[in-house]
Amino acid sequence: MDLTVVRCAEGHVFSTDSFPMQQLGAGRIGPGRLIRCPRCARLRHAVPVVLEKR
């Protein structure tokens, strides 16, 4: 199972095993998705994080 590293709207960075790629409702919300943040325990807009290679 692949993990996706994401950042929520509050700035919390965490990994998730599911990052839904479908549209939610009639409106599109861009590259991010609504996901429950484990740090603030609320539904937040989250986007994938681009990791730097060292």
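The dialogue below goes through the folds of the chain, then single residues and pairs.

Q: What should I know about the model before reading it?
A: This is a predicted model, in which local features need pLDDT of at least 70 and side-chain atom pairs count only at pLDDT 80 or more, while totals for chains, interfaces and linings use all residues. Residues are numbered from 1 along each chain as its sequence is written, and side-chain values use heavy atoms, with hydrogens and water left out.

Q: How many helices and strands does the protein have?
A: Helices (H or I, at least four residues) and strands (E, at least two) are DSSP runs, numbered from the N terminus. Here there are zero helices and four strands, and the pattern along the sequence is β-β-β-β.

Q: In what order do the strands lie in the sheet?
A: Two strands pair if DSSP finds at least two bridges between them. In this protein the four strands make an open sheet with the order 2-1-4-3 and antiparallel pairing. Strand 2 and strand 3 stand at the edges with a single partner strand each, so one side of each has no neighbour in the sheet. Ignoring direction, neighbouring strands are turned by 50 degrees against each other on average; the axes behind such angles are lines fitted to C-alpha atoms, for helices over the stretch in contact, and angles run from 0 to 180 degrees between N-to-C directions.

Q: Which residues of strand 1 and strand 2 face each other as partners?
A: Strand 1 covers residues 4-8 and strand 2 covers residues 13-16, and four bridges pair them in the antiparallel sense. T4 has T16 as its bridge partner in strand 2, and V6 stands opposite F14. The two strands form a hairpin with four residues between them, and G11 in the turn has a positive phi of about 95 degrees.

Q: How many bridges join strand 1 to strand 4?
A: Three bridges join these antiparallel strands. One partner pair is C8 with A46 in strand 4.

Q: Is A46 buried or exposed?
A: Buried means under 20% relative accessible area, exposed over 50%, and partly exposed in between (1.4 Å probe, protein chains only). A46 counts as buried because its relative accessible area is 0%. The C-alpha atoms of A46 and A9 are separated by 6.1 Å, although these residues are 37 residues apart along the chain. Across the protein, 24% of the 54 residues count as buried.

Q: What does H12 touch?
A: Contact means heavy atoms within 4.5 Å. H12 lies in the loop between strand 1 and strand 2, and it touches V6, R7, C37, R39 and C40, leaving out residues up to four places away in sequence. At 18% relative accessibility, H12 is buried. For the protein, among contacts between residues at least 6 apart in sequence, 36% join residues at least 24 apart.

Q: How many disulfides are there?
A: A disulfide is a pair of cysteine sulfur atoms within 2.5 Å. By this rule the count is zero. C8 is in no disulfide, as the nearest cysteine sulfur, that of C37, is 3.9 Å away. The sulfur of C40 is 3.6 Å from the closest cysteine sulfur, in C37, and that is too far for a bond. C8 is buried at 4% relative accessible area, whereas C40 is partly exposed at 21%.

Q: Which residues form the salt bridge?
A: Side chains of opposite charge can pair when their charged atoms come close. A salt bridge is a side-chain nitrogen of Lys or Arg within 4 Å of a carboxyl oxygen of Asp or Glu. A search of the whole structure finds one: R44 with E10, their closest N and O atoms being 3.7 Å apart. This pair links distant parts of the chain, with R44 in strand 4 and E10 in the loop between strand 1 and strand 2, 34 residues apart. R44 is buried at 18% relative accessibility, while E10 is partly exposed at 48%.

Q: What is the phi of A41?
A: Most residues other than glycine have a negative phi, and most peptide bonds are trans. A41 has a phi near 55 degrees, a positive value in a residue other than glycine. A41 sits in the loop between strand 3 (33-36) and strand 4 (43-48), and its relative accessible area of 51% makes A41 exposed.
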